[in-house]
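Thank you for making time this morning.

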Amino acid sequence: FTTLETPRLRLRHFTDADLAIFMAYRNDPEVARYQNWEGISEHEAHAFLQEQKQVQPGVPGQWFQIAIEFKETGLLVGDCALKIEQHDARQAMLGYTLSRAYQKRGIASEAVACVLKYVFVTLGLHRVIAIVDCENAPSVALLERLGLRREGHFHQNVWFKGKWGDEYLYAMLQQEWRTIHHSTKLT
């Protein structure tokens, strides 16, 4: 893995220069609202970035975090996460986090669409899933806009930030991705 590019974004490994911005959005309570973390210390953030600089995608059971850089400024604006399933390397889970200043601008959709293309074309995976808090309407809309199907609604399945939470499971098969992209000429 080196970089992936879209018209506005560069998806790449993290660098040391990302530390301050990474910490800022990871410590923003609004950004963390639907995430399984509350924040991150400088020591934790530094260790995370060092670890992720060495990680490559495709290792079953291991999360690979992809930095999202806004080309116009060259600054980190968020990250996408990809985890190949431990017991079936043809399937993966994805996630994403975006700095509040860059939300509602189509950046997350552009980044996730790019990661989906990478997953299905470059890695040749069969299926990708995403799990989202049922209350996270923008994330639900993003997944549906990109063509992922809602396969499940889990009621009070997770103890989350002091209360039981509901989650949706979204998925897309490689065949579905190819059908969407052949019909819209976006491949």
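Two strands are said to pair if DSSP finds at least two bridges between them, and the strands themselves are DSSP runs of E with at least two residues, while helices are runs of H or I with at least four, both numbered from the N terminus. Please keep in mind that this is a predicted model, in which local features need pLDDT of at least 70, side-chain atom pairs count only at pLDDT 80 or more, and totals for chains, interfaces and linings use all residues. Residues are numbered from 1 along each chain as its sequence is written, and side-chain values use heavy atoms, with hydrogens and water left out.

Let me start with β7, residues 149-160, which runs antiparallel to β8 and is joined to β8 by 8 bridges, with Trp159 and Trp164 as bridge partners. These strands make a hairpin with 2 residues between them, and Lys161 in the turn has a positive phi of about 55°. On β8, residues 163-173, there is also antiparallel pairing with β6, residues 127-133, over 7 bridges, where Val132 stands opposite Tyr168.

Stepping back, the open sheet has 8 strands in the order β1-β2-β3-β4-β5-β6-β8-β7, with mixed pairing. Its edge strands are β1 and β7, each pairing on one side only. Helix α5, residues 137-145, packs on this sheet and touches β5, β6, β7 and β8, where contact means heavy atoms within 4.5 Å. The direction of α5 makes about 160° with that of β6, taking axes as lines fitted to C-alpha atoms, for helices over the stretch in contact, and angles from 0 to 180 degrees between N-to-C directions.
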